[in-house]
Amino acid sequence: MTEKEIFEELHEAVVDMDEDRAVEAAEKALDEGVDPLDAIMEGLVKGIAEVGDLYDEGEMFVPEIMMASEALYSALDVLKPHIDEEEMHGEGKIIMAVSEGDVHDIGKNLVKLMIDLGGMEVIDLGKDVPLEKIVDTAEKEKADMIAVSAMMTSTMEGIDKLVDIANKQLGKNVKVMCGGAPITKETAENFGADGWAPNAVQAKKEALKLLRE
């Protein structure tokens, strides 16, 4: 198989929710000398991104998302140990959550995957998380950053409140990064967030930048 064919096989295995096929494709990538990080980014990540699009279009549902994610993580378990340590280098502990009242977590899960690949420690609180719980967990865990998303205009206002609670309770010791469909860079700045990212790949870069400031 060519490199392109392996990427496509990984991609399709995730979309088809085929865990065994995903693992076989990951093993094939290693056997053929494909860069494991490329296999993840060009195969697995693109596959789960398509799954997210299908979910948004009503063509996939939560149980299918779960099975696609299992396929992705099974293949990731094969590939991740072979990634160069310098490529995996990162630092910092991040509390991740979807804002209170919001149950859309596909984007957050993609960001979690990317930040995992950056070598940062992630504590994922899930979706529809009370704002106070996010800040309290950041304090308890001595986190360096809070990463929060919102996919609805009605819930993105919670990020404004979250930043206010975090600043009062934690000072400026903990950075806040946000994202989600209705949130622009200008919105994030108005909320007082330290960072913003339009997608999962940029979220990893923004998280590393903020942690190193």
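The model you are looking at is predicted, so to speak of local features requires pLDDT of at least 70, side-chain atom pairs count only at pLDDT 80 or more, and totals for chains, interfaces and linings use all residues. Residues are numbered from 1 along each chain as its sequence is written, and side-chain values use heavy atoms, with hydrogens and water left out.

Helix H8 (residues 153-170) packs on the sheet and touches E3 and E4; touching, or contact, here means heavy atoms within 4.5 Å. The direction of H8 makes about 165° with that of E3, where axes are lines fitted to C-alpha atoms, for helices over the stretch in contact, and angles run from 0 to 180 degrees between N-to-C directions. Helices (H or I, at least four residues) and strands (E, at least two) are DSSP runs numbered from the N terminus.

Now step back to the sheet itself. Strand E3 (residues 145-149) and strand E4 (residues 175-179) pair in the parallel sense over five bridges; two strands count as paired if DSSP finds at least two bridges between them. The whole open sheet has five strands in the order E2-E1-E3-E4-E5, with parallel pairing. At its edges are strand E2 (121-124) and strand E5 (195-196), each of which pairs on one side only.

How is the chain divided? There are two parts, domain 1 (3-82) and domain 2 (93-212), with bounds that come from an automatic or database domain assignment. Their C-alpha centres lie 25 Å apart.

Where the domains meet, twelve residues of domain 1 are in contact with nine residues of domain 2. About 920 Å² is buried between them, and carbon and sulfur atoms give 81% of that area. Buried area is the accessible area (1.4 Å probe) that two parts lose on being put together, summed over both. On the side of domain 1, Met-41, Tyr-73 and Lys-80 lose the most area to domain 2, together 34% of what that side buries.

Helix H3 (36-56) and helix H4 (62-79) are the elements that give two or more residues to the side of domain 1 that touches domain 2. Of the residues on that side, H3 gives the most, with seven.
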